[in-house]
Amino acid sequence: MRLLHTSDWHLGRSFHGVGMLDAQRSFIDQLVKAVSENAVDVVLIAGDVYDRALPGVDVVGLLDDALVRLTGAGAQVVLTSGNHDSAIRLGFASRLLERGGVHLRTRLAELDQPLLLPLDATPVKDGAAGATLAIYGIPWLEPRLVAEPLGVETASHFEVTRAATDLIRADLRRRAGQGTVYSVVLAHTFASGGISSDSERDLSIGGVGAVPLDLFDGFSYTALGHLHGRQTLSAQVRYSGSPLAYSFSEARHQKGGWLIDVGPAGVASVTEVAWEAPRKLAVLRGGIAELLESSDHTWAEDAYCQITLTDAQRPAQAMERLRSRFPDTLVLGFDPQGAATKPASTYSSRLAEAEDDLSVCCGFLDHVRGREPDDAERSALAAALDNVRLQEASL
C-alpha cells in the first residue's frame, strides 16, 4: 500500500494580491501525475484544503476537479478539515462521496472511524487474520468548541488533542484481536517535539497552543498539516508542508510531500516527492543602483520579488524604477544604511518646531517617505503655498 501525504493546499489563496488559482491548477496536475507514476493507493490531505470558510465557486470547482482526477487515477482520498476550512461545509455529502473513494473526516463523531484497507496481497491461510491499515483523521480542534463534547475540562489544544488520540487508541485496542493493524493518523495541529511534563504541555507559540510529539507515540505514521514547511519531527511524525509558497518567508522551501510505503510488516519506507513551483520567489536587498545594474540578479527578473532598499535616503520613484527590471515586484521595503542619525522625536514635536508653512510641508514629506524634498520639490511646494496665500487674500 502506497500513501501520499499532502496538506495545506489553501485553494483560493492569493499571494500579495496576485491570484494563485493557475498555480494551484499546476500543482493539481503534478499531483495527479505523481499518483499515476508512483501507483499511489491513497492521497492524504491533512487540512486547510481551502483558504477560507466560504470559498468561491471557481475554487470549489478546482477541488471537485482534483478529487475526480485523483480517484480516476486509481487513488482513494482521505481528507480532514483545517482551521481555514469550514468543517461543516467541507464535510457535506461525506457518506455519498465515500462511495466514490473520497473519505472526509471533519466531525468529532468520526475520530474513531478509520478507513480500513487490507495490506496482504495474498489470501490468509488457516483462517488467520491478516494485516490491515487503519487511517484516522483528526480535523482542526478548536478547544473552546470541542472541549465539552470530548469530555475535556480544560479547553486547551493539548487536552482536546489528547482526547482525540485516546479515542483512536481505544478503537485500535478493540481491533487487537482482528490481526495486525497498522495505524496512520492525519492531524491538523501545531506539534512540538521534546515536551514531556504536563506542566509544559500547553506551550503557546504565536497564540496557538502546541501539542507534544509524544501524543502520537505508537501510531505507525502521523501525517501532520498546519505548518507550511516540509519537515520531519520523528521517523513516524512529519509535516508535508504546503504545495506552494504562500509567503516570501517560504522562498527557500523545497515544496513537496511524502510517499509512505506500508506492507504486512508495517511502514517500510518514507521518501520525498517534489512539486515544481510555477514561479520563483526572490528576496533581494541592496542599493537601488546595484539592484538595477548587477548581473547577479538576472535570475530574478521573471520572479515574484520582495525587495529591501538600503540606500541612505529613499530613492525617488523607487517602485517604478525597480519594476522596469523586476516587473513582478510585489513588496518593497526600506532599511537605510549609512544615513545620518536623526535625533529621536515624535512627528508632532517636529511639527511644533517648524518655522513656517514650507517647513511643515517639507517635514511631512520627509516623515512619510524618509527623504527630504529636493530643490525642485521645495520650489513646487513654495509656489503652491504662495497661490494659497493669494487666494486667501482675495477673499
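First, a definition: helices (H or I, at least four residues) and strands (E, at least two) are DSSP runs, numbered from the N terminus. This is a predicted model, where local features need pLDDT of at least 70, side-chain atom pairs count only at pLDDT 80 or more, and totals for chains, interfaces and linings use all residues. Residues are numbered from 1 along each chain as its sequence is written, and side-chain values use heavy atoms, with hydrogens and water left out.

Now the salt bridges. In general, side chains of opposite charge can pair when their charged atoms come close. A salt bridge here is a side-chain nitrogen of Lys or Arg within 4 Å of a carboxyl oxygen of Asp or Glu. How many does the whole structure hold? The search finds 18.

Aspartate 22 pairs with arginine 25, with 2.8 Å between the closest N and O atoms. Both sit in helix H1 (residues 21-37), three residues apart, about one turn of the helix. For accessibility, buried means under 20% relative accessible area, exposed over 50%, and partly exposed in between (1.4 Å probe, protein chains only). Aspartate 22 is exposed, at 60%. Arginine 25 is partly exposed, at 36%.

Next, a pair between helices. Arginine 69 bridges to aspartate 29, and the closest N and O atoms are 2.8 Å apart. Arginine 69 belongs to helix H2 and aspartate 29 to helix H1, so this pair ties together parts 40 residues apart in sequence. Arginine 69 is partly exposed, at 30%. Aspartate 29 is partly exposed too, at 41%. There is also a network: salt bridges with shared partners join Asp112, Asp171, Arg174 and Arg175.

Aspartate 51 and arginine 13 form a salt bridge, at 3.6 Å from N to O. Aspartate 51 lies in the loop between strand E4 (42-46) and helix H2 (57-72), and arginine 13 in the loop between strand E1 (2-6) and strand E2 (14-15), so the pair links parts 38 residues apart in sequence. Aspartate 51 is buried, at 14%. Arginine 13 is partly exposed, at 23%.

Last, the cysteines. A disulfide is a covalent bond between the sulfur atoms of two cysteines. The rule asks for a pair of cysteine sulfur atoms within 2.5 Å. By that rule, the count is zero. Cysteine 361 is in no disulfide, and its nearest cysteine sulfur, in cysteine 362, is 6.8 Å away. Cysteine 361 is partly exposed, at 25%, while cysteine 362 is buried, at 7%.
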